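Subject: Structure handover

Hi,

Here is the structure you will be working with. Please open it alongside this note. My findings follow below it.

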Amino acid sequence: MTAYPLLTTEAAPRESVTADDLFTPPPVVTQIGNTPLLELKQVRSGLHPAVRVFAKAEWSNPGGSVKDRAGWYMIRQAIIDGRLSGDRRILDATSGNTGIALAMIGAALGIGVTLCIPANASAERKRILAAYHAEVILTDALGSTDSAQATARQLSLKYPDRYCYLNQYANPANVRAHMLTTGPEIWRQTDGKVTHFVAGLGTTGTFTGVGRYLKARAPQVRVFSFQPDGPLHGLEGLKHLPTVHVPEIYDAALLDGNLEVSTEDAYLMMKRLVREEGLFVGVSAAAATVAALRLAATLESGLVVTIHCDTGARYLSLPVWDS
Ligand code: PMP
């Protein structure tokens, strides 16, 4: 009889990753990007017939969010630069989705991941991070990602040989991911017909990267941001810039206008999207839809693109789903 080895939960020891390994990225990484661009056909009532609204389905990335793109570009650059070598762990501050992206890619590459996340991040996110075996350090919920960033910075200063701090808020590779992938995909998928782009502001990587690409390609494209309507909000992943530290990668010169979205409006749209479009997306995706539709309502013709950042499955514990 053949003796099969017992399955074990212990990871096998691996050689440290080098830049050479990046020529053949792990299979899961090859599934990042090239997401579908979906037209919103039901929630668009009242719009001029010559106006169309599309959402980039970033929930279809393997880690379930837009942050897979930035996660991979930042890790890859750190390996190329020689900052992520030997036994060093990946370290970053995140509201959740970047953490999941880093944990996923770290697992596939055999690199340890440590994440500083605000204590009030959703239960689903914390459990997903635990599943990927990432080390999680919970930081002050009221201090939002600013406190998480401060903790990550302190750790990286105290233990420079133990951690490679990616600092997604200041890392040009975060912007580059969107300049080189999300932006060109939107251009191609709309046959160059995109007229308006709307993005929420978290690290601002999506806004800055896509905005920069589209404006370089076609200066007439209008680029809008949207933000929560106040400092205390439920739009996880997004920042109310007037009251928090503005990320270093933010490029205000790209901005043609900013919209404000309330958490209540986002929750209502989240329910409409799942019930009318069959799109079970997250809260910031719903907020993006509210912003894109509000902008679209001011137009007589045009093609508006926004981002559906993550999947609704990540928010199942929200009270909004109790009824
Ligand atoms: N929505 C969600 C759910 C997010 O996790 C993030 C990332 N923090 C964003 C929007 C904003 O993306 P970016 O960091 O590129 O600004």
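Gln227 is buried, because its relative accessible area is 9%. Buried means under 20% relative accessible area, exposed means over 50%, and partly exposed lies in between (1.4 Å probe, protein chains only). Gln227 belongs to strand β8, residues 222-228. Helices and strands here are DSSP runs numbered from the N terminus (helices: H or I, at least four residues; strands: E, at least two). A polar atom of the Gln227 side chain lies 2.9 Å from the backbone nitrogen of Leu241. That is a polar contact: a pair of N or O atoms within 3.5 Å, where within protein one must be able to donate a hydrogen and the other to accept it, and residues adjacent in sequence count only if both atoms are side-chain atoms.

Some ground rules. This is a predicted model, in which local features need pLDDT of at least 70 and side-chain atom pairs count only at pLDDT 80 or more, while totals for chains, interfaces and linings use all residues. Residues are numbered from 1 along each chain as its sequence is written, and side-chain values use heavy atoms, with hydrogens and water left out.

The ligand

Where does the ligand sit? The ligand is in the largest pocket. On a 1 Å grid over the protein atoms alone, a pocket is an open set of points with protein on both sides within 12 Å along at least five of seven lines. A molecule sits in a pocket if more than half of its atoms lie within 2 Å of its grid points.

The ligand is surrounded by 16 residues. The closest are Lys67, Gly202, Thr203, Thr206 and Ser284. To count as near, a residue needs one of its heavy atoms within 4 Å of the molecule.

- Thr203: an N or O atom in its side chain is 2.6 Å from an oxygen atom of the ligand.
- Asn97: a polar side-chain atom lies 2.8 Å from an oxygen atom of the ligand.
- Gly237: a polar backbone atom is 3.1 Å from a nitrogen atom of the ligand.

The ligand taken alone exposes 390 Å², and the protein buries 97% of that. These areas come from the Shrake-Rupley method with a 1.4 Å probe; for residues, only the protein chains shown count as cover.

Helix α8

Helix α8 covers residues 283-296. Its 14 residues should span 20 Å at 1.5 Å a residue, and its end C-alpha atoms are 20 Å apart, which agrees. The expected span is 1.5 Å times one less than the number of residues. In α8, 13 of the 14 residues are buried, so the helix is largely enclosed by the rest of the structure.

Most residues other than glycine have a negative phi. Asn34 is not a glycine, yet its phi is positive, about 50°. Asn34 is in the segment before β1 (37-39). At a relative accessible area of 61%, Asn34 is exposed.

His133 also has a positive phi, near 70°. His133 is in the loop between α3 (123-131) and β5 (135-139). His133 is exposed, with a relative accessible area of 69%.

Buried positions outside the helices and strands

Asn61 lies in the loop between β2 (51-57) and α1 (67-80). Its relative accessibility is 3%, so Asn61 counts as buried. The Asn61 side chain reaches the backbone oxygen of Ser65 at 3.3 Å.

Val221 is in the loop between α6 (205-217) and β8. Val221 counts as buried, at 0% relative accessibility. Val221 and Asp256 are 35 residues apart in sequence, and their C-alpha atoms are 9.4 Å apart.

Val320 is in the segment after β10 (302-308). At 15% relative accessibility, Val320 is buried. From Val320 to Leu268 it is 52 residues in sequence and 9.1 Å in space, C-alpha to C-alpha.

Partly exposed positions

Is Ser144 buried or partly exposed? Ser144 is partly exposed, because its relative accessibility is 27%. Ser144 is in helix α4, residues 144-158. Its C-alpha atom is 10.0 Å from that of Leu232, 88 residues apart along the chain.

Asp21 is in the segment before β1. Asp21 counts as partly exposed, at 35% relative accessibility. Asp21 and Arg76 are 55 residues apart in sequence, with their C-alpha atoms 9.9 Å apart.

Best wishes

Definitions and conventions: 1 Å grid on protein atoms, 1.4 Å probe; cavity = no way out; pocket = protein on both sides within 12 Å on 5 of 7 lines; lining within 4 Å.
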